[in-house]
Amino acid sequence: MKKHILIGITGSIAAFKIAQLVSDLVKLDYHVDVIMTKNATQFIAPMTFETLTKHKVYVDTFEREETFDVKHISLAKQADVVLVAPASANVIAKMAHGLADDMLTSTLLACTCPILVAPAMNVHMYENPVTQRNITLLKELKIQIIEPTTGRLACGDQGNGKLAPLPDLLQAIEIALSDKPLLGKKVLISAGPTIESIDPVRFISNHSSGKMGYHLAQQAKAMGADVTLVSGPVSLEAPYGVHIIDVTSALDMFEAIKKQAPQQDIIIKAAAVGDYRPTIYTTEKIKKKGETLSIECTQNPDILAYLGEHKKDHQILCGFAMETENLLEHATQKLKDKHCDLLIANNLFEEGAGFLKDTNVVTIIKKDSYQKLPMLSKKELSRSILYEIIALMEEKNVSCH
Ligand SMILES: Cc1cc2nc3c(=O)[nH]c(=O)nc-3n(C[C@H](O)[C@H](O)[C@H](O)COP(=O)(O)O)c2cc1C
């Protein structure tokens, strides 16, 4: 059955952005209902949302329909999650004090599902102690605030109060809707390539996009985990609610991971770490001379091997192996050598697998079994990998929710 998402839109200039969010949610096959405050309809017409959702948009608590249910109660009961975005200072104040003088605030008071609030307003309205106190009250009531960002505001002022980016709103909804089998668990994920500088303008790197590691981080977060992502240079948006540590070289990544690893329950090493770095970094740009150029390289530390050697009893270690031949043989050997609990192996030359794609075809290798999965999106694959890890934790008798 489709999950029901209720979106509350208030009188903020950012209201127009929610049309795109609603369109995205409908495409993801959610049932979306929209309630607008009367003032919100000054900024964008209800018809926009009625066309996108194929459902009536509610504004007036007392509007009569052919059916005789009490709409603010039935919408509240049907909702699996509510997002108020943009949330005006006025509606935040009403929510903080239990006012219910219109369709949106009446419905919010009747909701028992998770409520998310994404404030959007002028920086001085946002920083006003009254607004801040109301936001604190909402947090105390276990209402999740999706913090606004800093930037140029519609009124021309510069500062905090800009509606959070739409991908953050979408991810916050998906997190609220997900089961939370990893609640209370700490997960460390590495992602992306590393960059090994040769001189100030050149480097050695690889084609890793970071997509697999970023999807894993996003899904682990959605499943309730406290996620740290150590990321090489990528051009991806940071997943919502994930602690990111940006690194450049393999040595940087090694240092960051060494520091984070002891506190973790699960470590997934999805980064494509350079095996070698130039032995000497040349401080001036190397000039073109001669037919050939040789660069002597030194081996980088083997991060997965280090993690395997220092693995604690309760920890689960998951590695990745990209091979171009003898996949199963090489990956099984790697699992043993690096003391991994599971290894995700893929063949670069297989259709649908590889670096820059949104899909992957992998074989999940464990100590005494392996399973080849069909081609999956990296999002679906992330969930499959995390559920394999949860099964392994249960085998190890490490409790999961
Ligand atoms: C052009 C314009 C833009 C506005 N933008 C915001 C805004 O971004 N955030 C906000 O809290 N109020 C904003 N306001 C003020 C609210 O619309 C006003 O406080 C209104 O009473 C809110 O009503 P509601 O909370 O019932 O939707 C804006 C008003 C105007 C005229």
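Which helix gives the most to the shell around the ligand, and how many residues does that helix supply?

Analyst: Helix α4, residues 89-96, gives the most to the shell around the ligand, supplying three residues. Two points of reading come first. The model is a predicted one, in which local features need pLDDT of at least 70 and side-chain atom pairs count only at pLDDT 80 or more, while totals for chains, interfaces and linings use all residues. Residues are numbered from 1 along each chain, as its sequence is written. Helices (H or I, at least four residues) and strands (E, at least two) are DSSP runs numbered from the N terminus.

The shell around the ligand holds 15 residues, and those that come nearest are Gly11, Ser12, Thr37, Ser88 and Met121. A residue is near a molecule if its C-beta atom, placed from the backbone, lies within 6 Å of it.

The axes of α4 and helix α7 (residues 129-140) come within 9 Å and cross at roughly 50°; axes are lines fitted to C-alpha atoms, for helices over the stretch in contact, and angles run from 0 to 180 degrees between N-to-C directions. The two helices, α4 and α7, are therefore oblique to each other, since angles under 35 degrees count as roughly parallel, over 145 as roughly antiparallel, 65 to 115 as roughly perpendicular and the rest as oblique. In this crossing α4 passes α7 in the left-handed sense (the near helix is turned anticlockwise from the far one by less than a right angle; clockwise would be right-handed).

Next comes the sheet. Five strands form an open sheet in the order β2-β1-β3-β4-β5, with parallel pairing. Its edge strands are β2 (31-36) and β5 (144-145), each of which pairs on one side only. Two strands pair if DSSP finds at least two bridges between them. Strand β1 (residues 4-9) is joined to β2 in the parallel sense by six bridges, and Ile9 has Met36 of β2 as its bridge partner. Strand β3 (residues 81-87) contains Pro86. The peptide bond that leads from Ala85 into Pro86 is cis, with omega near -10°. Most peptide bonds are trans, and most residues other than glycine have a negative phi.

Asn326, which is not a glycine, has a positive phi near 45° and sits in the loop between β16 (316-323) and α12 (327-337). Asn326 is exposed, with 11 other C-beta atoms within 10 Å. His339 likewise has a positive phi, about 55°, without being a glycine, and its place is the loop between α12 and β17 (342-347). His339 counts as partly exposed, with 15 C-beta neighbours inside 10 Å. A residue is buried if 20 or more other C-beta atoms lie within 10 Å of its own, exposed if 12 or fewer, and partly exposed in between.

Strand β17 belongs to an antiparallel arrangement. Four bridges join β17 to strand β19 (residues 363-366) in the antiparallel sense, with Leu342 partnered by Lys366 of β19. Strand β19 is in turn joined by three bridges to strand β20 (residues 370-372), again antiparallel, and Ile365 stands opposite Tyr370 of β20. β19 and β20 form a hairpin with three residues between them.

A further helix pair involves α9 (residues 211-222) and α13 (residues 378-395), whose axes come within 8 Å and cross at roughly 60°. Helices α9 and α13 are therefore oblique to each other, and α9 passes α13 in a right-handed crossing.

Elsewhere, Thr279 lies in the loop between β14 (276-278) and β15 (297-299) and counts as exposed, with 10 C-beta neighbours inside 10 Å. The C-alpha atoms of Thr279 and Lys334 are separated by 26 Å, the two residues being 55 residues apart along the chain.

As for the whole protein, there are 13 helices and 21 strands. The C-alpha trace spans about 80 × 50 × 40 Å along its principal axes, and 42% of the 401 residues count as buried.
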